[in-house]
Amino acid sequence: MLINSSSNIFPSSPPVCSFNTSLYPVVFSCFSDTKNIIHLHLCTITYFLLILPLYLFILWMGFQRWRYHSGQTSHTDVFTYYMAFLEILIVFGLFSFCSAIYTCSTTIMVFGYCCICIGSPAQTFFHCLTCMERYLAVVHPIIYMKLKRSHGVRIRNICIVLAWLLSLWSGGFVAMFFPIFPISVYFSIFAIIIIIVCFCSLAVFCVLMCSGTRRDQTKWRAFHTIMAITGTLVLRFSGQIVSILILHSLSATQLYFCETFVCSVWLCLPSSLVLPLLFLHRNGKLTCHKCNLN
């Protein structure tokens, strides 16, 4: 299923920039409306001031660890480092797209659009890998310890390469079908990832309830990590589904596509925050220490 880029969803307000939807993606037409442009600017500023410094700080912490060889880096932390590179790419894409609206430069807008499309699938893939790593630690601890000692790094690196290949593969589909967005490809990826993380959370919960380990705080922390990631991914995925359903519904409701699309962009924010916040929590950066005033 593909979005028909010739859909008639131009906002009723006077356009700032005019886009030919037979040449450019249908979402470009949403930013012919000043209200949607304001929402995009607010979203870009939020990512630029919140997400970008957060991930740069995480990369700096990773560099300090590598520089001083301070302990073994966990698989989850490595996934977070690579997630940081993807988020920086997406922030750069948002910034390029947003700045190009001022000059109606469609070339730069397409560049920013492609950066976002390339980064989003691999983003969710690293969420999925984090959940699977926690799932193995709780449900299959013996296998997890063997992988941690022997072939774990090799398997982890293969998964990271697959994530980047997934990004390039998705970008290839975007270029192949341009200006039509390949919904089936992206939603298939997201649906598979949602199923995997839901399975991981359910399996971990069953182990905690049935195996007599209800007081094991380490396993409960793993469960909370998986649930936090699952919740943010479901929130992200649901916003995108609603916007697509509205686009393909009756023509009278297609005018609401732009509003729901902008809202779905905001719903992606929690999934961008969950891994860095969990990383900072694991490393004691979010722990509140009580000061004894004597």
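How many residues does helix α1 have, and how far does α1 reach from its first C-alpha to its last? I looked it up: α1 (residues 34-68) has 35 residues and reaches 50 Å, close to the 51 Å expected at 1.5 Å a residue. The expected span is 1.5 Å times one less than the number of residues.

Ground rules I noted: this is a predicted model, where local features need pLDDT of at least 70, side-chain atom pairs count only at pLDDT 80 or more, and totals for chains, interfaces and linings use all residues. Residues are numbered from 1 along each chain as its sequence is written, and side-chain values use heavy atoms, with hydrogens and water left out.

Next, I checked His-127. His-127 sits in helix α3 (residues 106-139) and counts as buried because its relative accessibility is 0% (buried is under 20% relative accessible area, exposed over 50%, partly exposed in between, with a 1.4 Å probe and protein chains only). I find the backbone oxygen of Gln-123 2.9 Å from a polar atom of the His-127 side chain. Not counting residues up to four places away in sequence, His-127 touches Met-83, Ile-229, Leu-233, Ser-271, Val-274 and Leu-275 (contact means heavy atoms within 4.5 Å).

Then I went through the rings. I get 14 aromatic pairs (Phe, Tyr and Trp rings, the six-membered one for Trp, with centres within 6.5 Å; planes under 30 degrees apart are stacked, over 60 edge-to-face, the rest tilted). Tyr-113 and Phe-178 have ring centres 6.3 Å apart and planes at 65°, so this pair is edge-to-face. Tyr-113 is in α3 and Phe-178 in the loop between α5 (152-177) and α6 (183-210), so the pair ties together parts 65 residues apart in sequence.

Notes: Helices (H or I, at least four residues) and strands (E, at least two) are DSSP runs, numbered from the N terminus. A polar contact is a pair of N or O atoms within 3.5 Å; within protein, one must be able to donate a hydrogen and the other to accept it, and residues adjacent in sequence count only if both atoms are side-chain atoms.
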